[in-house]
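Take a look at the protein below.

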Amino acid sequence: MPKYIKARGLPWSASAEEVMEFFNDSNVVGGTNGVHFVTGYDGRPSGNAYVELESQDDLDAAMAKDKKNMGRRYIEVFEASAEEMEHDLSKGKKGSGSEGVDDDAVVKLRGLPFSATKADIADFFNGLSIEENGILLVNDMQGRPKGEAFVQFTSTSGSASALARNKGSMGHRYIEVFPSTMNEARMVQMQMSFDGPPMRGGRGGPGGPMRGGGMGGMRPGPYDRMGMNGGGGRGGYGGGMRGGYGGNG
């Protein structure tokens, strides 16, 4: 039975041959036909691809390429399923409006209690897989909570399920959940970094990155990879790697 991986952060110009070369220690089912690029609603490359592999050994070898570079690009590699692949590939074919979610798998929350922590947000999305350090709480110019947050899930199916929790309750508050993008979250994060000093809260607090967020030991997440020293996120401000909400997240 084939195994599947998802590669995230590929150059938009990457070819199937280049993807196979990156995973040169793994046997790809059907050669270049086993490399499936994900496109956005507009039909443009998303920087993501799924690769069908022949065996568990090939999967293990592919997973060893996680966080390795393709040229100057930092590639993230995740184990995936055939169902997840079909979902992502069909999204680009359906066009806008099919799910309302971007390939970044990011949603925005509004109406949070000002006291809400990252652990509270993880609990709100109980049962859905959130990227480790994948929650960014938004502060105002004075460093006070705005009642907003961004959350990145490990798959687009997760973010689609998250949208179904719109108007769900957190304490006595009804929480609004909207589709969003990594770029929107980066812009908010950068605005917070310019407006005032980043808050460094404890685990689950409004400041520093949440490691696990009550969701267990997941893989290193995107939001604390973009440091406040000018290092950037791929596709964001300063180049480098995908994701990365940094010290405020």
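Six helices and twelve strands make up the secondary structure of the protein chain. Keep in mind that this is a predicted model. The chain has 249 residues, and 50% of them count as buried. Its accessible surface comes to about 11300 Å². Carbon and sulfur atoms account for 50% of that surface.

Is Phe22 buried or exposed? Its relative accessibility is 9%, and the cut-off for buried is under 20%, so Phe22 counts as buried. Which residues does Phe22 touch, once neighbours within four places in sequence are left aside? The contacts are Lys65, Lys68, Asn69, Met70, Ile75 and Val77. Pick out Ile75 from that list. Phe22 and Ile75 are 53 residues apart in sequence. In space, their C-alpha atoms are 9.6 Å apart.

Now move to helix H2, residues 56-63. Its buried residues are Asp58, Leu59, Ala61 and Ala62. They cover an arc of only 165° around the axis, so they lie on the same side of H2. An α-helix has 3.6 residues a turn, so residues three or four places apart point the same way. What do the buried residues of H2 pack against? Their partners are strand E1 (3-8), strand E3 (45-53) and strand E5 (73-80).

Next, look for empty space. Rolling a probe the size of a water molecule over the atoms shows where such space is left. How many cavities of 30 Å³ or more does the structure hold? There is one. The largest cavity has a volume of about 60 Å³.

Eleven residues line the largest cavity. Nearest its centre lie Phe114, Ala116, Leu137, Pro145 and Gly147. Strand E7 (130-139) supplies at least two residues of this lining, and so does strand E8 (145-153). What kinds of residue form the lining? By class, eight are nonpolar, two are polar and one is charged.

Key. Residues numbered from 1 in each chain as written. Predicted model: local features only at pLDDT ≥ 70, side-chain atom pairs only at ≥ 80, totals over all residues. Heavy atoms only, no water. Buried < 20%, exposed > 50% of the residue type's maximum accessible area, 1.4 Å probe, protein only. Contact = heavy atoms within 4.5 Å. 1 Å grid on protein atoms, 1.4 Å probe; cavity = no way out; pocket = protein on both sides within 12 Å on 5 of 7 lines; lining within 4 Å. Points joined across faces, edges and corners; volume = space filled by probe spheres on them. Helix = DSSP H or I, 4+ residues; strand = E, 2+ residues; numbered from the N terminus. Nonpolar A, V, L, I, M, F, W, Y, C, P; charged D, E, K, R; others polar. Arc of directions from axis to C-beta. Areas by Shrake-Rupley, 256 points an atom, 1.4 Å probe, with all protein chains shown as cover.
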